[in-house]
Amino acid sequence: MTLLDRISLRAWEWIGPIAIALLAFALRIWKVGSPNSLTFDETYYAKDAWGLIHGGYARDAVEDANGRIINGETDVFTQDPTWIVHPDGGKWLIAFGEKIYGLTPLGWRFAAVVVGSLMVLVLARLVLRLTGSLALGCVAGLLLTLDGLHYTMSRIALLDIFLAFWILCAVACLAVDRDWLGERLALDRRYYAWRPWQLAAGACFGMAVATKWSGLYVLAAFGLTVVIWEVWARGRVESVQDAFVRVLRVGLPAFGWLVGVALVVYLLTWTGWLLHHDVFEARFGNGYGDEPVWGSVSDPTRGPLGGLIDAFRSLWSFHVMTWNFHTGDYLASKSHPYESNAFGWLIQWRPTNVSSNFDIAADVCGASADSKCVRQVLTLGNPAIWWVGTLGLVTALVAWIRNPTWRWSLPLVGVLATWAPWWITSGRPIFTFYAIAIVPFMIIALCLVFNAIRRRIPDRYWWPGLAAYLGVVAVTFWYFFPILANRIITYDQWRERMWWDRWI
């Protein structure tokens with residue numbers, strides 16, 4: 001018996017996804033320091049993260065900080081707090097990389113590489129659970145590995161990759177919880193006790209919201225969904241009163257495990273802010289715009305808990321001001337050359353240029369004398385995944401209508417919760433890379449469709465067909481790789497990759 005024969009199926013169910021995740025890590029860590037600059041919103045988050053680990057709160061930087069940071073300087077910060085428009089959860093993860101590698105491109109991007117690779121592992125394991133197929137689990141991981149949007153977002157220090165990771169982890173925990181509950185209901189239909197996987201999901205949702213508030217939409221959507229799943233799993237109800245009681249017995253504990261735990265985790269990520277709330281009050285105590293003072297500087301609370309109460313009053317005031325920033329006239333009056341309409345995200349209608357240089361001498365890349373060289377980081381999803389995946393979503397919707405199981409509903413709820421909220425925010429600039437939270441659920445839907453097809457056609461057709469599709473995905477990723485990874489190519493090579501003028 002060979003070594004391979006001795007390895008159990010259960011072991012392979014971990015070995016395969018881990019191997020794909022390591023491939024993803026290798027692809028993403030390679031030359032992650034390029035571009036050697038603070039690209040797009042890295043200029044905020046990388047510096048905020050540095051402040052968190054060197055003082056406990058995000059601090060203002062001097063005017064020429066970006067250039068000095070690239071030159072290796074770190075003494076570019078004042079003691080004043082800086083205005084932050086997103087919670088600190090994702091920035092603490094960026095700070096983890098900076099703690100290891102310093103205030104360098106590798107330092108502020110390392111956490112994104114790690115988290116992006118872990119997403120591959122979580123997705124592969126989740127699809128394995130949903131389909132029972134190790135092959136499809138590995139296919140899901142490989143599709144995420146070879147998606148251009150996921151690749152680029154795993155190599156820059158923006159918050160969206162962390163948001164997508166925590167959302168995916170939370171939903172994976174809920175899938176485990178659904179199977180875990182099914183096993184116990186098979187033994188006792190009256191089981192209503194301990195739900196460790198809902199607790200874990202609540203912690204992950206807390207981290208999602210602590211990264212970006214848009215995680216709240218997903219928490220709300222899946223909070224309702226898991227209640228429906230469980231009420232349905234417990235079988236028929238005998239009366240309206242029985243249905244009402246069941247919903248309460250299922251919904252109230254779920255609210256505690258998901259929302260209650262998420263709230264605790266969310267508040268914990270603000271510990272640094274709470275400990276230094278006085279410096280924020282000293283600078284922003286008069287509010288952003290015409291907001292009133294809620295902090296302790298002007299009206300301290302007396303008593304043994306006065307300091308704690310004032311810290312949370314100040315945090316609440318800061319949340320109100322931040323909410324007004326996101327929903328007020330300031331952002332509504334702004335525009336951006338790469339802003340996009342959310343309805344075009346699934347077909348990658350308007351990807352975001354996060355870094356580019358169109359003025360490189362022709363001899364650098366061997367271009368003709370009358371041309372030039374180009375390097376770019378474009379957050380472009382792999383068309384072979386996104387365009388086919390969009391068809392997969394439509395197919396999954398039809399399959400759910402015909403057979404409304406919880407497995408078919410999972411990716412549909414995921415896509416709706418991460419996409420639909422942006423349909424009504426056309427009054428402010430939004431970007432296609434927000435769709436990084438959508439792509440795992442699109443791939444789940446596609447793999448569920450593959451699984452349904454596999455059950456209906458002979459293996460001699462299914463396996464070659466799947467291999468051919470993966471080949472197309474790999475070739476497409478390789479073709480677009482230069483404009484995903486900031487590689488130098490000729491202008492003509494760059495232009496031929498701009499299939500649509502909206503990609504320019």
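Residues are numbered from 1 along each chain as its sequence is written, and side-chain values use heavy atoms, with hydrogens and water left out. Because the model is predicted, local features need pLDDT of at least 70 and side-chain atom pairs count only at pLDDT 80 or more, while totals for chains, interfaces and linings use all residues.

Two packed helices are described by the angle between their axes and the distance between the axes. Helices here are DSSP runs (H or I, at least four residues), numbered from the N terminus. Axes are lines fitted to C-alpha atoms over the stretch in contact, and angles run from 0 to 180 degrees between N-to-C directions.

Helix α9 (residues 160-185) packs on helix α10 (residues 196-209) at about 165°, and their axes lie 8 Å apart. The pair is therefore roughly antiparallel (over 145 degrees; under 35 counts as roughly parallel, 65 to 115 as roughly perpendicular and the rest as oblique). The crossing of α9 past α10 is left-handed (the near helix is turned anticlockwise from the far one by less than a right angle; clockwise is right-handed). Contact means heavy atoms within 4.5 Å. Among the α9 residues that meet α10 are Trp 166, Cys 169, Cys 173 and Trp 180. The α10 side includes Trp 197, Cys 204, Phe 205 and Met 207. By class, this contact holds 17 nonpolar, 1 polar and 1 charged residues. Ala, Val, Leu, Ile, Met, Phe, Trp, Tyr, Cys and Pro count as nonpolar, Asp, Glu, Lys and Arg as charged, and the others, Gly among them, as polar.

The crossing is right-handed. Leu 93, Phe 96 and Tyr 101 are among the α5 residues in this contact, and they face a set in α6 that includes Trp 108 and Phe 110. The contact residues divide into 9 nonpolar, 2 polar and 1 charged.

The contact includes Tyr 45, Asp 48 and Trp 50 of α3, and Lys 91, Trp 92, Glu 98 and Lys 99 of α5. It has 9 nonpolar, no polar and 4 charged residues.Helix α20 (residues 459-484) has 26 residues and reaches 35 Å from its first C-alpha to its last. That is close to the 38 Å expected at 1.5 Å a residue (1.5 Å times one less than the number of residues). α20 bends by about 30° at Trp 478 (the angle between axes fitted to the seven residues ending there and the seven starting there). Pro 482 follows within four residues.

The loop between α2 and α3 holds Lys 31 and Pro 35. Lys 31 has a positive phi of about 50°. The Ser 34 to Pro 35 peptide bond is cis, with omega near 5°.

Conventions:
Helix = DSSP H or I, 4+ residues; strand = E, 2+ residues; numbered from the N terminus.
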